[in-house]
Each structure stands twice: as C-alpha cells, then as structure tokens.
Amino acid sequence: MTRARRRPPLLVVAVAAVTVAFFALPLIGLFKRASWATLVDDLTTTESLTALRLSLVCSLSATALSVLFGLPLAWVLARLRFPGRPLVRALVLLPLVLPPVVGGVALLAAFSRRGIVGEHLYDWFGIQLTFTTAGAVLAETFVALPFFVITVEAALRSMNTRYEDVAATLGASRWTVFRRVTLPMIGPSVVAGAVLAWARALGEFGATITFAGNIIGKTQTLPLAVYLALESNPDVAVAMSLVLLAVSLVVIVSLRDRWLERS
Amino acid sequence: MTTAASLRLDLGTLHLDIDLTVEAGEVVALLGPNGAGKTTVLRALAGLQPIDAGRLTIDDQVVDDPAAGRFVPAEQRPVGVVFQDYLLFPHLTVLENVAFGPRSRGIPRAEARSQAQRWLDRVGIADLAGQRPGKISGGQAQRTALARALATEPRLLLLDEPLAALDAGTRASVRRDLRRHLIEYDGATVLVTHDALDALALADRIVILEAGSVTQTGTLAEVTTRPRSSYVADLIGMNLLRGRSTGTVIDLDDHPGQLITAEGFDGPVLALIHPNAVSLHRIEPEGSARNRWHERITGFDLLGDRVRVRLDGEVPLVAEVTPAAVAEMALAEGDTLWATVKATEVTAYPS
C-alpha cells in the first residue's frame, strides 16, 4: 500500500531553521571578523604563545589527573554497592551543572590560604594553590573530572561483566582482569572521556579566574587571555578564539561515532 | 579423585538444594528445564557464586564451605568453564584467548603462546590463531572456548549448554568432536544442557534438575526407561501417568480415569505408555484392549513423519498416528473419540 507523503509541518521546520541559524551565525561572524592576513602574527605574539603554552600544560595536566583519579571512582560507582552511592554520584556530577564561578568560590573556601584544607597545606607544607599554575590545574580538574567519570562509568555499566567472570575462571587476579579485559573493552570510552575532559579543561574560565587569578604565564590560560585581549587587541582575541573553535571541531569529529549519527 | 557438591543456595525465586558427585574422567549431564538452577550450580562450582550452605570439593580439595568459613575464589580453583555463548574476548585473537589462562597463571608469554598453539592444533583450528573472535564461525568459536578452558589444565571442566548456540548443521560435527575431547580429558566434567541428545552423546550419567532439586539420576537408559517426572517423560516423548495401584487397576491421581496393567501390585505407581501404543477410534471399539477411554482432541504436533495427537478427558494422553490416519479419520481439534491401549503396553513401576 502506497500513500502520498505528507507535507512536512512548515512552522516546525521554520523554527528549526531559525535555531540552526542561531548556532551558525556567531561562527560565521567569527570567521568574517577574523583578520586572516595577520592571523599567524597575532598568534605568535609573546602573550598569545604564553597563554597557548600554559593552556596546553594546564589542560593536559587536568586531563591526566582526571584519568588517574576518575578511573577508580568510575569503577567504584559502577561496580560496588554501598549506602549513599546515589549521593556520591550526585556530588561527583555537581560540577557539570554548577556555575564555574561558584566552583571557583567553593575552591577558594577549601584550598585558599584561609580555606579549610588550604590553611593546613600552607602551615604544614608551605603549599599555596591560589594564584599558581597548580591552582589553575586544580580548577580545571574540578570542572573536567565529571565528564570523564560519567563517560567511563556508563561504559563500565553497559559492559558485559560475564567477560570478567570468564577471566576469573581462567585464573586472572582482579588486577589482571581489569588490565587485560575490562580496560581494553571500555578503552574507546576511556579515550572519549579523556577527550571530553580535556576540551572542558581547555575552555575553563570562571573557576580558573576566580580561584587561580589572571597572572600572565602562571594562570592566564587561553580563555582568560581572549577575554582580556578583547579590550586591548581584538584581532588577537579573535585569532585565539579561532584556535579554541578549531580544537572544538577536532573533538566533535573525533567523537563523531558516539554523537553524530551516520547516515 | 572425586568432585563433590553438596550445595544449598537461596536465590529468592529459586531454592537450590542438591547433592552431586563426579569422579575424575566421568561426564555428568545436568539436564533440566529453563530456570531449574543448572547454570547456578555451574557458577557455584566455578566460584562465581558463593553457596549459602553445604560443601563443595574439587579433587578432594574443599573450595567452598560456609560453615568452616572457607571460600576459594574463582581464579584459584582448578576449574575450566565453557560458557553458553562462549564469551571469547573480542579484543584478543583466537590464540591470545587460549593463552589467556596460562598467562594469568604465571606462565611466561612465549611459553603460554606455544601451549595455546598446541591446544588449537588439538581442537583442529590451528590456522585460525591470528583471527579475532568476530571473524570466526560458531563451531570454531566453540572449539576456541573449549581450548581456552582446557589450556589451564583444570581438574573440573564445566560446560554450559556447549552446543545450544550452534545451528543444526554444525551441531552434529561439533558434538562428535566434543565427545572425543571429553573421552581424552582425565578430569571431571559437568555438562549443563536441556537437550537430551547432547546428554546422550556426551554424558556417562544424567542428573535431572527441576526447580532447584534433583528429581532423578542414573544412566540415560535408566532415566528414560523409568522416568520419574513429567519433564523427563516429555523429553523422551512418552506418556507418564501418576496414580495408586490396587492389583492390576491403577486409579489416577488427578484424573477420573482408570488404567489396567498386566502385572499388578499395590501402592503408588508411575505408568508409562508409548504414544504409538495408543489407538484411536471414531466409535466405541470392541476388542481385546483392556484400556478404553473417551477423549477429546486438544491439539496436534508434527514429529518427523508422524502426527502426535494431544488428548484430554478421562486420561491425558498423547497418541502417535500417521498423517494418513489423521486425514482418513478427519481428526480435528475438539473432536471426541475413543482411545485404547492394551494392558501389556502399560509399564507400571513404584513411584
């Protein structure tokens, strides 16, 4: 039985088109606004290079910390049953929805020289996190870690745990099971989680500027530099924005199998 | 050397309570309907599921004894398992899958790989060593899973529905090869299946497990000539009726009908009637058959070149007739007719 195709609902399509334009126009504006001729020069100024280098160091450090601490946490959340687990999950996922600036204020309350932990760090070890690169890394890790945990936890949950049973019957210890069976099977999700965490860390602004400040060469990462350059040197700001946009596009493309349907 | 399981386990909906012993070199089939607890028994033996009470020993070594506080985890038990859907590690090659056990037990990589290669030779898939599990057939996956389980040289081999995932064509040849490997294997084997043919081909002894309890044990011949439950009777396609015998007359437990047997005795009995011993008649027959019941047809099943007619009435029965007979007598669902069975065709034994 064939049936004439129904006319698509015009109003819905029109609203959808407006929405697409809403996403596309800022990007087009950015491309039009860019002074392509001086792009390379704008990006190789000392302040640009310093911010770029610092951003790379901080975001990669934050990603490494996210993997190092996120993997055991994801495993605990996915595999162990304990009272208060929903509470712990909510706590871990909170930075996803928390305004970053509030995250920064909260980090200050904990890790500044007068914070509940930072006080002792300073008194006992002479460690100060605020206004240091380590502080920027801490702020970025705070906002990036949940992305890694949520991705890896989902993979651990959806994995067929009977493979782990098989490995155990073959004589593999818990650690061997994790290393040779679990980790390879959730490998793609670990990579995806790390990429997401890195992208989030790279773009972090609010928590960083609140907690670590805006010190060139120490805590002034790319987003902070963009914001400041907007006043003094808009061309440089746009050029650096294009760099961050390019990174975002690379991330989207590298995760396309997860997010973009293949037609 | 004996592997023994005295096992009690409460899983909410299922209460398992069984005793099982397997000698080295022996193959015992756990046969039972879905949900009877067969796989749970395997998981308990493998160490993947602790028992609530009882005692498990493998090769005379205690591996689980809750009363004594002893539990040997799966990775320390001398057990090999072939899982139902094989569960070959998808990220490892066939060879690496088989080498996984020896590697995990501390054998150096090169030695583990050459051991694995020898196992692949033995199960006849040496040429697949470098393949990923996704690229091989069901029969090859079964052989890989068997090689992987045997490569750790277990004292107890557990097979969970080892042939269920195969199509009919490969099933026969894989079953034949599996039988050969089980004969060569000197440890104890427990095979879980719901297929009587697998049990017949592979097992020395059969344990019927129903709703968490053992209902019958013995060789296949013993179990099938004297079935003790309707599950076994259905499995071998026989009519099994339960009742109380007085002389040569059996009063059925749940039905109004009576059964006449040739050899009489007193007490509770089970009566076995082969479906092809049941004759059907449109009008009440007069003849030598001592058993004559008024029945109604409730359905038909095609079995090879025979038709099985399901009957209900005085006595629930299945009769086996030819398709020609069905056509000639114009049998249809809901028809009422007469069924007869000679007293000598009824095998009765104490229940």
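**View 1. Surroundings of B:Leu158 in the largest nonpolar core of the predicted model.** Leaving aside residues up to four places away in sequence, B:Leu158 touches B:Leu42, B:Leu45, B:Ala46, B:Val79, B:Val81 and B:Val190. The core to which B:Leu158 belongs has 81 residues, and the members that touch the most others are B:Ala29, B:Leu30, B:Leu45, B:Leu158 and B:Leu191. Helix α4 of chain B, which spans residues 138-150, gives the most to this core, with six residues. Another core lies apart from it and comprises 50 residues, among them A:Leu71, A:Ala74, A:Leu129 and A:Val152.

**View 2. Strand β4 of chain B with its two partners, β1(B) and β5(B).** Strand β4 (residues 53-58) has a covered face formed by B:Gly54, B:Leu56 and B:Ile58, whereas B:Ala53, B:Arg55 and B:Thr57 make up the uncovered one. In a regular strand, side chains alternate between the two faces of the sheet. Strand β1 (residues 2-10) of chain B pairs with β4(B) in the antiparallel sense over five bridges, and within this pairing B:Arg8 has B:Ala53 as its bridge partner. With strand β5 (residues 61-65) of chain B, β4(B) again pairs in the antiparallel sense, here over three bridges, and B:Ile58 is bridged to B:Gln61. The strands β4(B) and β5(B) form a hairpin with two residues between them, and in the turn B:Asp59 has a positive phi of about 55°.

**View 3. An open, antiparallel sheet of five strands in chain B.** The strands follow the order β16-β20-β17-β18-β19. Because β16 (279-281) and β19 (317-321) of chain B stand at the edges, each with a single partner strand, one side of each is left without a neighbour in the sheet. Neighbouring strands are turned against each other by 45° on average, direction ignored.

**View 4. The contact between chain B and chain A.** On the two sides, 16 residues of chain B are in contact with 14 residues of chain A. The elements of chain B that give two or more residues to the side touching chain A are β7 (79-82) and α2 (94-104), and α2(B) provides the largest share, three residues. By residue class, this side of chain B divides into nine nonpolar, four polar and three charged residues.

Methods: Residues are numbered from 1 along each chain as its sequence is written. Chains are lettered from A and ligands numbered from 1 in the order in which they are written. This is a predicted model: local features need pLDDT of at least 70, side-chain atom pairs count only at pLDDT 80 or more; totals for chains, interfaces and linings use all residues. Two strands pair if DSSP finds at least two bridges between them. Helices (H or I, at least four residues) and strands (E, at least two) are DSSP runs, numbered from the N terminus. Axes are lines fitted to C-alpha atoms, for helices over the stretch in contact, and angles run from 0 to 180 degrees between N-to-C directions. Two residues are in contact if their C-beta atoms, placed from the backbone, lie within 7 Å. Ala, Val, Leu, Ile, Met, Phe, Trp, Tyr, Cys and Pro count as nonpolar, Asp, Glu, Lys and Arg as charged, and the others, Gly among them, as polar. A nonpolar core is a set of buried Ala, Val, Leu, Ile, Met, Phe, Trp, Tyr and Cys residues joined through C-beta atoms within 7 Å. A residue is buried if 20 or more other C-beta atoms lie within 10 Å of its own, exposed if 12 or fewer, and partly exposed in between; C-beta atoms are placed from the backbone.
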